[in-house]
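Subject: Structure handover

Hello,

Here is the structure for you to look through. My notes on what turned up follow below it.

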Amino acid sequence: MPSIANTGDDIAAVCKRLAELGMANANGGNVSIRLAEGTYLVTPTGMCLRDVTAADLVTVDAVGVKLDGPGEPTMEVKSHISLYQQRP
């Protein structure tokens, strides 16, 4: 599984690219990745994807509880986790 250290910048780059392509506007759209040991790195709620940096990302546990990060996780975090659980 990827680690936080080598994925934060990649996630931020994906967020910016999605915004550039018009696939997310204003505060719409979220990005996540499964990390090791049942944790996930997700974009914060209420933030435009074009503005997301690695420092903005939020780490959550397997049920969506915030473990680390400056903001709150996306409101759709449980949907993201559900999809990951369906695709182990």
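Start with the cysteines. The sulfur of C15 has its closest cysteine sulfur in C48, 9.6 Å away, which is too far for a bond. A disulfide is a covalent bond between the sulfur atoms of two cysteines. To be counted here, the two sulfur atoms must lie within 2.5 Å. C48 is therefore in no disulfide either, since the nearest cysteine sulfur, that of C15, is 9.6 Å away. A search of the whole structure gives zero disulfides. Keep in mind that this is a predicted model.

Are these two cysteines buried or exposed? C15 is buried, with a relative accessible area of 0%. C48 also counts as buried, at 9% relative accessibility.

C15 belongs to the largest nonpolar core, which has nine residues: I11, C15, A24, V31, L35, L41, L49, V52 and L57. There is also a second, separate core of seven residues, including Y40, V58, I81 and Y84.

One is V52. Apart from residues up to four places away in sequence, V52 touches A12, C15, K16, T43, M47 and L57.

The other is V31, which sits in the loop between α1 (8–20) and β1 (32–34). With a relative accessibility of 11%, V31 counts as buried because the cut-off for that is under 20%. Which residues does V31 contact, leaving aside its neighbours within four places in sequence? They are I11, V14, C15, L18, L41, V42, T43 and H80. Take I11 from that list: V31 and I11 are 20 residues apart in sequence, while their C-alpha atoms are 7.2 Å apart in space.

Next, the sheet. Four strands make up an open sheet in the order β1-β2-β3-β4, with antiparallel pairing. β1 and β4 (66–68) are at the edges and have a single partner strand each, so one side of each has no neighbour in the sheet. From one strand to the next, the twist averages 30°.

Inside the sheet, β2 (residues 40–42) and β3 (residues 58–60) run antiparallel and are joined by three bridges.

Last, helix α2 (residues 77–86) lies across β1, β2 and β3, and runs at about 40° to β1.

Regards

Notes. Residues are numbered from 1 along each chain as its sequence is written. This is a predicted model: local features need pLDDT of at least 70, side-chain atom pairs count only at pLDDT 80 or more; totals for chains, interfaces and linings use all residues. Side-chain values use heavy atoms; hydrogens and water are left out. Helices (H or I, at least four residues) and strands (E, at least two) are DSSP runs, numbered from the N terminus. Buried means under 20% relative accessible area, exposed over 50%, partly exposed in between (1.4 Å probe, protein chains only). Contact means heavy atoms within 4.5 Å. A nonpolar core is a set of buried Ala, Val, Leu, Ile, Met, Phe, Trp, Tyr and Cys residues joined through side-chain atoms within 4.5 Å. Two strands pair if DSSP finds at least two bridges between them. Axes are lines fitted to C-alpha atoms, for helices over the stretch in contact, and angles run from 0 to 180 degrees between N-to-C directions.
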